[in-house]
Amino acid sequence: MKARRTTSGLPRAGGTTPGRTNPLGTPAGRRTRVPVWPAASPRRVTEARRLAEEAELRQGVRYRRWFVALVGGVLAMSVVVVLLGTVGLSAETRSRPLTPGEQHRYQQEEIARRWQAWPASGVFPEEVKYLGLGRAQQYARRVGIAPAAECRDAVDASVAGPLDEHGCVTMLRATYVDQTATFVFTVGVAVLEDEESRVAAGEALTQDDRVGVLPVAFRGTATERFGAEQRQRTGWVGAGPYIVFSTGGYADGRTRAAIPPEETLHSELWPTARSIGNQIAYFLADPPKVPPCTQGNVC
């Protein structure tokens, strides 16, 4: 009787098929061994951890040094900037002699603000000296001061144009009488923006002595009959940023047209009017005393 053969073609349990291997090169049916790594010892773990901490610490120290160096550089630059600023400020603010240009500018600015800085009685003194007959010294007395007016409203139309064109700021006016109350005079101060504007306006003004500042009369005084028709002559003089106009007439109300051409004006009338205007111009433009240093009298 023949032995029975298996038909599955598979090896019997516990056996192997000769000459056949698995894809890994080991005989089929035989288990492969996985290498086992030795476990790290606690000492090695501790050492590795220590080395990592030291590396991290060294890196932090480097970063800190860079940060400290950067902050130190910024602080050093700040100190240098502050020192330079302090030195520059000290050099700029310490007292030193004024240059000629600064002295001239100081005088111009002082003169230009007088019409506002001074009281009205400073611009128009209560009494103004003039020379009468026989060159006797006499005084014109101020009767009143008019409110400040627009330049175009205080002069004739032919004068208003040049003043407006060159930036006239305002017109200040006051009226005087001579020592005998025979003559009446109105003085007008036209305020220009600066001396250059005043010069330009003066060059454009007409030379007609019939036009100029309009008179200001005060009721109940010797001036109440003094109007535009009563002006006998008018004129002006420049001083700093100011044009000082003056006009004069008779207190009795005589008009210019009422005086025949062959009759001359009173010899004191126009010289007195001109003297009053010139003195007020002198007061306004008198050069102030300039301090020698930027902070006073000590450099």
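**Notebook: aromatic pairs, sheet and disulfide**

I searched the whole structure for aromatic pairs and found three, taking rings of Phe, Tyr and Trp (its six-membered ring) as paired if their centres lie within 6.5 Å, with planes under 30 degrees apart called stacked, over 60 edge-to-face and the rest tilted. I note that this is a predicted model, in which local features need pLDDT of at least 70 and side-chain atom pairs count only at pLDDT 80 or more, while totals for chains, interfaces and linings use all residues. Residues are numbered from 1 along each chain as its sequence is written, and side-chain values use heavy atoms, with hydrogens and water left out.

**Entry on the rings**

I looked up Tyr 282 and Phe 283, which form an edge-to-face pair with 6.3 Å from centre to centre and 65° between the planes. Tyr 282 counts as exposed at 52% relative accessibility, whereas Phe 283, at 29%, counts as partly exposed; for these words I use under 20% relative accessible area for buried, over 50% for exposed and partly exposed in between, with a 1.4 Å probe and protein chains only.

I then noted one aromatic cluster formed by Phe 183, Phe 185 and Tyr 250. The ring of Tyr 250 also has the charged end of Arg 254 over it, 3.8 Å from the ring centre, where the criterion is NZ of Lys or CZ of Arg within 6 Å of the ring centre and within 35 degrees of the ring normal.

**Entry on the sheet**

In which order do the six strands of the open sheet run? I read the order as β1-β2-β3-β4-β6-β5, with antiparallel pairing; two strands pair if DSSP finds at least two bridges between them, and helices (H or I, at least four residues) and strands (E, at least two) are DSSP runs numbered from the N terminus. β1 (127-131) and β5 (233-239) stand at the edges with a single partner strand each, so one side of each is left without a neighbour in the sheet. Neighbouring strands are turned by 30° against each other on average, direction ignored, the axes being lines fitted to C-alpha atoms, for helices over the stretch in contact, and angles running from 0 to 180 degrees between N-to-C directions.

I followed the antiparallel pairing of β1 and β2, which spans five bridges, and found Tyr 130 opposite Gln 138 in β2. Helix α7 (residues 269-285) packs on this sheet, touching β1, β2, β3, β4 (183-191), β5 and β6 (242-250), and its direction makes about 155° with that of β6.

Is Gln 138 buried or exposed? At 15% relative accessibility, Gln 138 counts as buried, and leaving aside neighbours within four places in sequence, its contacts (heavy atoms within 4.5 Å) include Val 128, Tyr 130 and Gln 179. Gln 138 and Val 128 are 10 residues apart in sequence, with 8.4 Å between their C-alpha atoms.

**Entry on the disulfide**

I found one disulfide in the structure, defined as a pair of cysteine sulfur atoms within 2.5 Å. Cys 151 and Cys 168 form this disulfide, with their sulfur atoms 1.9 Å apart, and the torsion about the S-S bond is about -70°, so the disulfide is left-handed. The pair links distant parts of the chain, 17 residues apart, with Cys 151 in the loop between β2 (137-145) and α5 (157-165) and Cys 168 in the loop between α5 and β3 (170-177). I recorded Cys 151 as buried at a relative accessible area of 1%, and Cys 168 as buried at 15%.
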